[in-house]
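Me: I would like to go through this structure by asking what stands behind each term used for it. Please set every value against its definition before you conclude.

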Amino acid sequence: MNPVVIYFSHAGENFINAISQKIPIGHTEVLAHKIVNRLNCPIIQLRESDCYPDSYDETVKRAESEKKETMHVAYQDLNLNRSKIDTLFLGYPNWWGSYSRVIATFLEDFDTNGLIIYPFCTHEGSAFGSSLNELKNQCPNADIRSGLPVRGSRVERADVAIGNWLLAYK
């Protein structure tokens, strides 16, 4: 198998345990690195071209607008060779009940036909929301496998959950 971990994450001000707090590394990034440490595969951070604000409230407003308007959110070139990838571990924070529009735009641009996708997300109580259904609709010819939702506030303690989830892959 030729897996790769691709993730989008947001550092700065985040909503954690009902309080807005600044974090230097986004929860999804922490989770992505924990997964890569187990898989020993390439990891790629999906970065939006126009960075989200550091402010939690401003980021939430922008993400809501992007979702309502089904915006195409530009991202930095990933330089991927699709022919060398058969399994994608796709990570994202749950924003407005699903993955962000930068993930949606990436999935529009990337050939997911025949790809095995293991989604993982961070959240503060909504788990995957509707993102798994949206992922299946957006990638109808991909094989969407079981996902791993992790509370952002508990990501540092997610090692057992990660190990159990990866049993389905190995």
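Me: Which helix supplies the largest share of the lining of the largest pocket?

Reply: In this predicted model, the largest share of that lining, 4 residues, comes from H2. E2 (12-16), H1, H2 (56-68) and E6 (116-123) each supply at least two residues of the lining.

Me: What makes a residue part of the lining of the largest pocket, and which residues are closest to its centre?

Reply: A lining residue has an atom within 4 Å of a point of the pocket, and 23 residues line the largest pocket. Phe-15, Tyr-56, Asn-94, Trp-95 and Glu-124 are the closest to its centre, and the volume of this pocket is about 500 Å³.

Me: How do the residues of that lining divide by class?

Reply: The lining of the largest pocket has 7 nonpolar, 14 polar and 2 charged residues, where Gly is counted as polar and Tyr as nonpolar.

Me: What volume does the second largest pocket have, and how is its lining made up?

Reply: Its volume is about 220 Å³, and of the 16 residues that line it, Ser-9, Ala-11, Gln-45, Arg-47 and Glu-48 are the closest to the centre. By class, this lining has 6 nonpolar, 6 polar and 4 charged residues.

Me: Why are H1 and H5 called oblique to each other?

Reply: H1 (residues 27-39) and H5 (residues 159-166) pack at an angle of about 50°, with their axes 11 Å apart. Angles under 35 degrees count as roughly parallel and those from 65 to 115 as roughly perpendicular, and the two helices are therefore oblique to each other.

Me: Which residues make the contact of H1 with H5?

Reply: Leu-31, Lys-34, Ile-35, Arg-38 and Leu-39 of H1 meet Asp-159, Ile-162, Gly-163, Trp-165 and Leu-166 of H5, and these residues divide into 6 nonpolar, 1 polar and 3 charged.

Conventions
Residues numbered from 1 in each chain as written. Predicted model: local features only at pLDDT ≥ 70, side-chain atom pairs only at ≥ 80, totals over all residues. Heavy atoms only, no water. Axes fitted to C-alpha atoms, helices over the stretch in contact; angles between N-to-C directions. Parallel < 35°, antiparallel > 145°, perpendicular 65-115°, else oblique. Contact = heavy atoms within 4.5 Å. 1 Å grid on protein atoms, 1.4 Å probe; cavity = no way out; pocket = protein on both sides within 12 Å on 5 of 7 lines; lining within 4 Å. Points joined across faces, edges and corners; volume = space filled by probe spheres on them.
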